[in-house]
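Here are a few notes to read alongside the structure. Take them one at a time and find each part as you go.

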Amino acid sequence: MSGSTIRRTPGDRLPEFPWDSLTEYRVLAETHAGGVVDLSIGTPVDPVPTPIQQALASVADQGGYPTTHGTAALRESVVGGLARRHGITDLSPSDVLPVIGSKELVAWLPTLLGLGSGDIVAIPELSYPTYEAGARLAGAEVVRLADGQAPPPGTALVWLNSPSNPTGRVLDVAALRAAVGAAREVGAVVASDECYLALGWEAEPRSVLDRDVVSDHTDVLAVHSLSKSANLAGYRAGFVTGDPALVQRLLATRKHAGMMVPRPVQAAMAAAMADDEHLVEQRARYAARRDLLAPALRAAGFAIEHSEAGLYLWATRGEDVWRSVSWFAERGILVAPGSFYGPAGAAHVRVALTGTDERIASAVERLSDSS
Ligand SMILES: Cc1ncc(COP(=O)(O)O)c(C=O)c1O
C-alpha cells in the first residue's frame, strides 16, 4: 500500500475503461486465418492528407510556446471552414478555441464550467462514454435522456451529439431547437458534440449553431474534431466554439491549466479547415466501405437501425450483445458492444467503417460465407 496521504482521486469515480473488456474477443478474433478485422474503434486508417502533413512540418522549427487561443490564422480558417461546409455564418475568430482533440474537452468541460457535486449533466440515452466520464471527474451526477426527453431541474449541462455515436442518428433542426429550448428552460448550458457533422449519408446533419436552430449563441457551444474529417486523430486536433462569453471563460481557465494545442498541430488544423478536397475524398472512402458493409451485415441477419450519418453501423439481431460480439469474433471481426454506450444498447453492436478497403473486403467475404 502507498504510504502517501493520497487516498482518493477523481479516477476512483470512473468505471473500468470499456474497451479493456473486449480483450478476450480480440484474442479470439486474432486467431482467424485471415487476421483480425478491427471495426471496434472509430480510428482513421487512411493517411493524413499530404498538404496537412506539410503544414505540420512547416513550423517544426518554431520552438516557442504556442498560445492557448491558437493562431489568428487557425481561428480564421475554422470560421471560414464552418461557414463553407456547414453554413454557420455568425462566428467571430475570437469565438474559436482549439482543444487537444475533442475527447479532452468532453472529459474536462464539466470541470472547466465549475460543475460539481449537486449538479446534473444530461447525456443522450446511448452515447459516447466520455460524456459520463467527464461528469464523474467533476463529481457531478449523470442522467440519460431518451429521445425528446427534457432535462430535469438542476441540470447544468446538456450534451447533444448529432450525428450520434453510436447510433448514427441525426437530429433535425426542429429536434435541435427543441433540445436547446428545453435546456434553456432549466438554465443549462448546451454542448453539442459535432465531430461527425461532415459525414452525412442519408441525412444532412445540421449544427446547433445554425441560424435556423438558435438566433443567438448564448449558453450554446459546438465541439468539433478533425480526427474523423481529416484523419487527424493522431495529431489530437479539435476546437470548441459558440457563446463568446463562455469561450472566453474556458480560455481563461485553460491558459492556467496548460491546455495548449502544439504549434505544428495548429498549423495542420488551419490547413485542414481551409481545404475541402481531402474531405470529399475521405467521405467517398467511407461511403464506399459503408455500401459494402451494410448489405453484408443485412445478409448475415442483422437489422441496421438509424446509421444515416457518421462512422458506424448500428446493428442488431435481437440477441444479447455479447453473443453477437462473440459471433463476429469467431469470424475474426472485432465490433463494439452497444452496451458500452448505455444500457439501452444491450442488444446492438456498433460496426465502424474504419477498416482499410482490403480489411473491409475481407470482412464482407467472411460475413457472406456465414449467411
Ligand atoms: C462522439 C464523439 N465525440 C468525441 C470523440 C473524440 O474525438 P477526438 O478526441 O479524436 O477529437 C469521439 C471519438 O470517437 C466521438 O465518437
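Before the first point, one definition: Ala, Val, Leu, Ile, Met, Phe, Trp, Tyr, Cys and Pro count as nonpolar, Asp, Glu, Lys and Arg as charged, and the others, Gly among them, as polar. Please also keep in mind that this is a predicted model.

1. Start with the ligand. What classes of residue make up the shell around the ligand? There are 8 polar residues, 4 nonpolar ones and 2 charged ones. In total, 14 residues surround the ligand, and the closest are G101, S102, K103, S225 and S227. Helix α4, residues 102-112, gives the largest share of this shell, with 3 residues.

2. Next, look at a pair of helices. Two packed helices are described by the angle between their axes and the distance between the axes. For helix α2 (residues 50-58) and helix α8 (residues 263-274), the axes come within 7 Å and cross at roughly 145 degrees. The crossing of α2 past α8 is right-handed. On the α2 side, the contact is made by P51, I52, A55, L56 and S58; on the α8 side, by P264, V265, A267, A268, A270, A271 and A272. Sorted by class, this contact has 11 nonpolar residues, 1 polar residue and no charged ones.

3. Now for a strand. Is strand β3 (residues 120-124) mostly covered or mostly open? It is mostly covered, with 5 of its 5 residues buried. Strand β3 runs parallel to strand β4 (residues 141-145), and 5 bridges join the two. To find one of these pairings in the viewer, look for I123, whose bridge partner in β4 is R144.

4. Strands of a sheet pair through backbone hydrogen bonds, either parallel or antiparallel. Here the sheet is open, its pairing is antiparallel, and the strand order is β9-β10-β13-β12. The edge strands, β9 (303-305) and β12 (336-337), each pair on one side only. Between β12 and strand β13 (residues 348-352) there are 2 bridges, and the two strands run antiparallel. Within this pair, A336 stands opposite R350 of β13.

5. Finally, see which helices accompany that sheet. Helix α9 (residues 277-299) lies across β9, β10 (312-316) and β13, and runs at about 5 degrees to β10. Helix α10 (residues 321-330) also packs on the sheet, where it touches β12 and β13. The direction of α10 makes about 35 degrees with that of β13.

Note on methods
Residues numbered from 1 in each chain as written. Predicted model: local features only at pLDDT ≥ 70, side-chain atom pairs only at ≥ 80, totals over all residues. Near = placed C-beta within 6 Å. Helix = DSSP H or I, 4+ residues; strand = E, 2+ residues; numbered from the N terminus. Axes fitted to C-alpha atoms, helices over the stretch in contact; angles between N-to-C directions. Left-handed = near helix turned anticlockwise from the far one by under 90°. Contact = placed C-beta atoms within 7 Å. Buried ≥ 20, exposed ≤ 12 C-beta atoms within 10 Å, placed from the backbone. Pairing = 2+ DSSP bridges.
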